[in-house]
Amino acid sequence: MLTTTKQPIVGRAGEDDFDPCWDLLRQALIDVHEKNAGKLSFEQLYRASYKIVLRKKGELLYDRVKEFEEKWFRDHVMPPIEALLTKSLINITLVSMPNSTSTNERRQLGEKFLVGIRDSWVDHNTSMNMIADILMYLDRTYSTDNGRPSLWATTIGLFRDNILRAGLGGLVDELDQASVIFDVVNAVVMDLINLERDGDVIDRSLIRKIVNMLEMLYETNEEVQDERLYLTVFEPAYLANSRRYYQSECEKLLRNGDAAEWLRHTQRRLAEEQTRCETTISISTADKIAEVVQQELISAHLDEFLAMEGSGLRSMIDNDRLEDLAILYQLISRVDPKKEALKRTIQSRVRDLGLEIEQELKKTDFSVPQTAAAEGDEAAPDAPAKAQPLNQAAQQTAAAIKWVDDVLSLKDKFDNFHVNCFDEDIIIQSAVTRSFSEFINQFNRSSEYVSLFIDDNLKRGIRGKTEAEVDTVLDKAIVLVRYLTDRDMFERYYQKHLARRLLQGKSESHAAEKEMISRMKQEMGSHFTSKFEGMFKDMDLSRDLTNGYREHIRGLGQVEQHRVDLNISVLTTNSWPPEVMGRSAQEGTLGDCTMPPEIARLRESFYKYYLKDRSGRILTWVVTAGTAELKCMFPKVSGKETGPLSKDRRYELTVSTYGMIVLLLFNDLGPDEWLSFEEIQEKTNIPPQELSRTLASVSLAAKARVLLKNPMSKQVRPGDKFSYNASFVSKAIKIKAPIINTTSKVEGDEERKETEKKNDDTRKHIIDAAIVRIMKQRKTLSHANLVSEVITQLANRFKPDVSMVKVRIEDLLYREYLERDEDGTSYRYLA
Amino acid sequence: MTATIRKDELEAKIKEEKELIRSGELREENPLDTSPEFQEFLEACRRGDLRRCQELISSGVNINSKDQFDYTPLIIASLCGHYELVQLLLESGALADRGTWVGERTVYNALNDRIRNLLVSYDFSKSTDPLQEWASHLTALLGRKTPKTADLTVITSSGVTFDLHRFILSARSPYFYKKLVDAPETTTWRLPATIPVDSFTFVLRYLYLGDLPRDVVGPDSTSTEEEVFKGIDKLCKQLEIEKLWEAVLSANDRRLARQRYQDEVARAQRQVEETFRGTVLKHKMVVDTDKVDKIKWPHHNAMFADCILRADVEEDVEDGAVTTESTNGIGIPVGPHAVASDPAPAKKRKRSALYPVHKAFLIRSPYFETMFSSQFLEAQETEHLHIIKMDCVPEVLEMVLNFLYTEKADISLELALDLLYTSDMLLLDKLKTKAAQAISTLGSGSNVTVTVDKSKAKKENGNGKEEVEVEPINVYDVIRAAWDLNVQRLEDFVARYLADRLEDYIDEADFSELIQESALRLKARQETDTIELLDDIRYYLNERFRLRFEDAGVDDMLEQNDTELAQQYQREVPQDSKDGETDVAYAMGVAIDAAVKPKVGANSAGDVGQLTGEEEGAVQTLDGRWAEDELAADAINYQVLLDRIDAMLEKLKLDA
């Protein structure tokens, strides 16, 4: 056992150990500084320092090294730097004397100075690293335990204290005394960077080195992380300098007045600064300098640039300069996440363009036939060129389609921007949407036009199109519908148009109709489409009913001579527009109109059949809405041996129900017998207005002129006489008599007013209902709250007029549904 | 406390764990171990025998095994309340993860909150595999450029090169071993063109104990997965590393992969150790110190060494002051310095041991890392290997090297103090901790008893006590080392050690000196400042006696025992009485004086402990009186010791 005397450590051995160790170390320090370290043994030096520390002489060692380094620094490092600090250098950097030196001279002087600083720093840094290596144990134990900054920090800090913070000591009189070498370094670096910004080539790695130096030095020897000199001194100066630079640059750009140039320049500057941070100065500055550039080049004068005549935002939009817009968007998103400026301008531009469309519409004269033709329109198949009043309708249709097309193309334009330039930005999108809905709703016929557009498309527009194309058409339509606020108006129009399409069998595709409705349902909820769906249901039921009736007749075996094929539509009053139902109700039902006996019989028989299963129901015959298909035979005209008149001609003629009634009168008439307007009216009891329309349709249009009129004028007037046109010839077998209906396609101004009035009436009831519903629930509510609640509740049907709501409240007060509260500001519900 | 797992959740977990183990997929973390060594280990844990535990852990007993009653060493140690032992076990890798059966049980069983908190603080997140650091060092070597440690370049057909380490390759792959030993001058190895680079990268990661990527094919690789696997297969066969396939196959199951990885690391450790023994230790040379300079080792040698460490053999002759300070005048005086017991008969030649070593492992020490990264002599490229002198004896250097290469620390108590200094100088904190651990086993174990040893006389040796015969280390050296090197753990240890045997030390001049030193450690000490060491001693002294007092009711006892004595002494030495004190304290003060006097006498004449006379049922106290029973004796002893401390302070003119 090694037990006896082994005492492994001499903790308190001789004081005099210090000196030989220190001598050794001191010599090593000199060697290190003189770059002779290669021959030094790390092991020896470390051991020497370790021993000193272990002997509790760490403090002494620490102080000695510090003292040595300070002295070395004074004697060997400072002098060359001081030699570099010439008067002219300071003059061009700190005391700016413009034009006193050329750019090149300035750069050379500056770079020379920086090279001096850099070399000195590199040497110092290397030496200090090596010394810190040797004294690692000292730093790890003594310095940490005693709360002193590590020796490394202390020695490296010498550079800061003795060089960077050395005063310039009155080298130049103009300077205030506080200036230090650091200021010169900063100024030179800034100057070089500004030169580079102006397009010069500079020594980037040199600056990089200097920046590295500043990043390694701290304000104090404690080396607090965010007190690096780079952060505390250089960076603020750099940012301020850059700000000045970009301020003046921005002014220059403003003077040039070209927004496109500004955009590209700014974009380039931003990229440049980013690269500069990566290659020349520290990457940690990247965000801050970008901030400066953004503030100075973008935010500061954004509005001025946007408003620039000929190149500003407006011209970008109008000329579809996608690239510019994309850059603009990127820049603005950098400075303002809400993109207010861009949003505002775009919004107002959309509104203006929308109004322009309206203006355009007013200016365009659709009555010029070419225009109508140019619109590709047989919108009204009743020869628009001939009949003036009919032309009116065609014009309106054309206008509606043009308007819708324009709006859609405007929308396409902005959609394109949205995808390609604005990065599908949600803020911009909602702004654009708001503007669209604003100008669309400002236009008072938008609901009608949109409905007309859909009507037109469903009737003819989608003919021969693929499913996908139909889809896009429907999508567009829905997009427009979405913008509408007065949805009840739209509903009314759509109902009307749909009714006509259904009853007159003009709808091109049942599937497309259904699709349209299901989309609207998705968009606006089922209450909006319930009526439309009811209409479709009626049509389906009617088809079944008709078939059932046919079976029934066949079963009876009553094969009549003049067999009439009945196709009946039973309509539910509520689902269908009052124009279809209502008008007939007020102007005359079946009772007033005398039907030919065979028709009357048929009617009776159907009524009987209908009531078999549904007793108690009342059927009202809406003659105005019906059509009839007549198979007629024109016997050959004697005396004509050749030509079409020489044989019997059979045609299938489609006319309105009234038309049928009238034509049946002529069945029993000879070729040269005439019936006067009054006679016909008497026999049929058709209201005169309807009658004249009916007669016009079969006597005026050339292709369906089965009746001759005397005198031959373009108007049907009382007193005119009509006769069977024996020499009627047509190339087509199936002939459709133009139907001139009261429910014309587009309303005239008066009609529209009427529609609006009706709509307002309906609205009144809806508002009444809403008010009562709310009050029933709340019992008492202040006026303002009530109004706002009503508006919210009705928002997705229409946008109620506040004054109308007020009137309704008044009315309800009067009718004692509500009463005023004592204080007069709120209402109470009266049960 | 961390969130506790509900009982049912825990049970579910245990069941799941059991099933996995039964199916053979998962190895049990706490296998049953009925070997006699393990039984002994458990027994040592029960006793709190730090040293024995340390030895057994070093000898490789599985620290996480369990006995037939499902006890693990950690459970026993914490149940028995051996705080230091629990600490040792945890530091050596004992598992106490919450959420496992064993872990929860350990925490539940802990004797007191102190231990419980210790256990919880070593929860899963912290208790890392003790080899983790070692393994990640190896992995890091793969991409490491400075300092340069690589000595073999592998060239691939695509032009990618790998800088590798011959030592590691030959340790891990029999193929490389044969090849490189046969041709030590090899500096490049060419990867066959048929094998994709991805395959080789994968194999390398395996050899260097890196994580194996789940996708063997790199994102911008030109090879298909199949080709890569074929390449791996070929390399496996060529390099003779069949185990790699297991790694590939287990890569998808996290737990399996982890287990596989642990096995692999352990295997690698064995391999490295084997190679370490086969190269570094086997080729150790002992030469005359003055001939060291003449030794020239080429760079390419069969040991793959790129550096030589030199340690001077300790001479057990001569007076140390001359020998150690010999070569360059700044040797750290680790060697014998104090007066040797027997005079040297003759002056022998000085000898040095040289070890061929590998920078790749040396740089685990920041000292070497800095050395080889710096621009000093040792980092210069030279024709021959550098010989770097180490300031320790070869045995210590071997311990250091063993630790650096294999993470193992097999520390003999004799050298522990040397090792403490050396590892401090090399900035090896982990090894330093282990050395301190080893030192703190001093006095525990077989010779724990305090009072019995007292009877053994101390003879001519001035500063040694009875442990001079038993313990290889002087406790005064330990405390000074603790102060020098900032090892709080050892300071605590020494304080406890001294407190446990205070009666043996209190009267020594060295002890007073030590106390004085401790007092001086605090700069600009104020009157009211405490003496750290003394405070600690008092604390442990209190602990030593406290348990018994609490049970017995001290005051009663003191009064019973001492009142009449006090009166008696009061008469004899009235000048010692202090005003204003309670009767008891007063009496005790008197008793102390009485105690000191005979003690002083005893020191010259023989020893207090010599008084071995024993009356039936009575126990002799430190002041030589007879107490009624042990409890009473303890109470008196406690007071006696405290008062002797005061007396000593008085003498030293210190206040505390």
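## A walk through chains A and B

Start in chain A, where 3 strands form an open sheet in the order S1-S2-S6, with mixed pairing. Select S1 (627-634) and S6 (734-736) of chain A: these stand at the edges with a single partner strand each, so one side of each has no neighbour in the sheet. Look along the sheet and you'll find neighbouring strands turned by 25° against each other on average, direction ignored. Keep in mind as you click around that this is a predicted model.

Next, pick strand S2 of chain A, residues 649-656, which pairs with S6(A) in the parallel sense over 3 bridges. For a closer look, show A:Thr654 and, opposite this residue in S6(A), A:Lys736. As background, strands of a sheet pair through backbone hydrogen bonds, parallel or antiparallel.

Stay in chain A, but jump to helix H2, residues 42-54, and select A:Ala48 there. Is A:Ala48 buried or exposed? It has 26 other C-beta atoms within 10 Å, and 20 or more is the cut-off, so A:Ala48 counts as buried.

Move on to helix H8 of chain B, residues 132-141, and show the side chains of its buried residues: B:Trp134, B:Ala135 and B:Leu138. Turn the view to look down the axis of H8(B): these buried residues fall within an arc of 95°, so they line one face of the helix.

Two loops in chain B make the last stops, both for their backbone angles. Most residues other than glycine have a negative phi. Select B:Glu240, in the loop between helix H12 (225-239) and helix H13 (243-250) of chain B. B:Glu240 isn't a glycine, but its phi is positive, about 60°. Around B:Glu240 there are 15 other C-beta atoms within 10 Å, which makes this residue partly exposed.

Finish at B:Leu427, in the loop between helix H19 (413-425) and helix H20 (429-439) of chain B. B:Leu427 also has a positive phi of about 60° without being a glycine. How many C-beta neighbours does B:Leu427 have inside 10 Å? The count is 18, so B:Leu427 is partly exposed.

Key
Residues are numbered from 1 along each chain as its sequence is written. Chains are lettered from A and ligands numbered from 1 in the order in which they are written. This is a predicted model: local features need pLDDT of at least 70, side-chain atom pairs count only at pLDDT 80 or more; totals for chains, interfaces and linings use all residues. Two strands pair if DSSP finds at least two bridges between them. Helices (H or I, at least four residues) and strands (E, at least two) are DSSP runs, numbered from the N terminus. Axes are lines fitted to C-alpha atoms, for helices over the stretch in contact, and angles run from 0 to 180 degrees between N-to-C directions. A residue is buried if 20 or more other C-beta atoms lie within 10 Å of its own, exposed if 12 or fewer, and partly exposed in between; C-beta atoms are placed from the backbone. The arc is that of the directions from the helix axis to the C-beta atoms.
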